Amino acid sequence: MKTIGLLTSGGDAPGMNAAIRAIVRTCVFNGIRAMGIRFGYDGLIRGDIKEMAVSSVADIIQRGGTILGSARSEEFVTTVGFEKALTTLRDFEIDAVIVLGGDGSFKGAKSLSEAGIKTIGIPCTIDNDMGYTDYTIGFYTAVETIVEAISKIRDTSSSHGRGNVIEVMGRKCGDLALYSGVASGAESILVPEIGLNLDEVIERVKQGKRRGKLHHIIVLAEGAGNAEEVAKTVEEATDVATRVTILGHVQRGGNPAAYDRLQASQMGNRAVKLLIEGATGRALGNRMNQIYDMDIIEAVNTKNHLNLELYEIAKELSI
Ligand code: F6P
């Protein structure tokens with residue numbers, strides 16, 4: 001193993017930089033060249049690649065985003081684009097690729113692996129929607145960001161005796177809504193895995209109103225439904241003025257939480273070690289707080305499930 005390429009792909013996630021730093025430094029420590037591929041698979045197709053020295057990753061462990069840049073490449077899934085990517089790898093004499101990203105990025109890594117390229121995937125997405133692992137890098141930072149925003153909204157919600165629908169990201173996965181909702185003491189949490197049970201929400205708002213509750217925080221996962229429609233339905237049925245906040249991309253930025261930095265440092269280091277040991281086609285994950293690796297094809301095919309236990313706890317605590 002002489003040269004390892006690394007790329008970040010898909011939506012950026014806080015902690016990607018910490019993983020990049022760990023990969024580059026582990027490579028250099030072990031006498032391997034680290035080649036940074038810019039803007040994900042697009043950069044691999046274009047040959048937008050440069051060697052990364054130890055100093056290139058100084059002062060980045062605390063920074064959100066990704067210094068390599070990211071993209072959702074449409075060209076890479078075409079035969080022509082994929083062939084170009086393989087040619088680039090040959091031209092730059094890259095022996096292996098470490099892919100940092102979510103589901104879509106791992107599918108790209110799987111294709112590279114099937115084409116005989118040594119590949120390792122590191123799960124990085126704020127969505128936490130990868131079924132084979134309990135945790136993806138960036139998730140805890142995003143949850144912190146959401147919780148902080150909800151606390152601020154709650155202040156004004158209580159002052160005016162209003163309801164607030166707060167839409168959070170996550171695509172088809174409800175984890176961001178569920179974990180941040182529980183951590184903020186939200187009255188209702190709406191996730192795509194369960195569906196829009198608005199009758200329950202309305203009943204809870206009415207109950208709260210009878211008990212003199214001054215705020216009604218409803219956390220809505222973006223994949224569960226439309227925030228404006230939810231607010232309108234709740235307001236009409238309860239007579240409680242209900243506002244909407246769509247948190248958007250603020251959830252993806254910011255300094256990574258210590259936990260994300262730690263996991264990123266360990267997974268980045270482990271990815272290089274796996275390649276040195278001769279492993280290929282592996283996905284790194286975290287189960288029961290232990291970092292482990294498994295076949296990347298199996299990882300991509302593992303269905304994600306909502307933490308139903310936490311969902312039930314949320315219901316019991318929001319009476
Ligand atoms: O996958 C991360 C994510 O932030 C999702 O939660 C969200 O649906 C999507 O990316 C937004 O993508 P973009 O930044 O391309 O609009």
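1. The model under review is predicted. A polar side-chain atom of His249 lies 2.8 Å from an oxygen atom of the ligand. The side chain of Arg252 likewise places an N or O atom 2.8 Å from an oxygen atom of the ligand. For Arg72, the distance from a side-chain N or O atom to a ligand oxygen is 2.9 Å. Taken alone, the ligand exposes 400 Å², of which the protein buries 74%.

2. Ser105 belongs to helix 4, which spans residues 103-114. Is this serine buried or exposed? Its relative accessible area is 4%, and because this falls under 20%, Ser105 counts as buried. Apart from neighbours within four places in sequence, Ser105 is in contact with Ser9, Gly10, Tyr41 and Val99.

3. Ser184 lies in helix 6, which covers residues 175-184. The relative accessible area of Ser184 is 8%; this value is under 20%, so Ser184 is also classed as buried. Which residues does Ser184 touch, not counting those up to four places away in sequence? They are Val147, Ile150 and Arg154.

Methods: Residues are numbered from 1 along each chain as its sequence is written. This is a predicted model: local features need pLDDT of at least 70, side-chain atom pairs count only at pLDDT 80 or more; totals for chains, interfaces and linings use all residues. Side-chain values use heavy atoms; hydrogens and water are left out. Helices (H or I, at least four residues) and strands (E, at least two) are DSSP runs, numbered from the N terminus. Buried means under 20% relative accessible area, exposed over 50%, partly exposed in between (1.4 Å probe, protein chains only). Contact means heavy atoms within 4.5 Å. A polar contact is a pair of N or O atoms within 3.5 Å; within protein, one must be able to donate a hydrogen and the other to accept it, and residues adjacent in sequence count only if both atoms are side-chain atoms. Accessible areas come from the Shrake-Rupley method with a 1.4 Å probe; for residues, only the protein chains shown count as cover.
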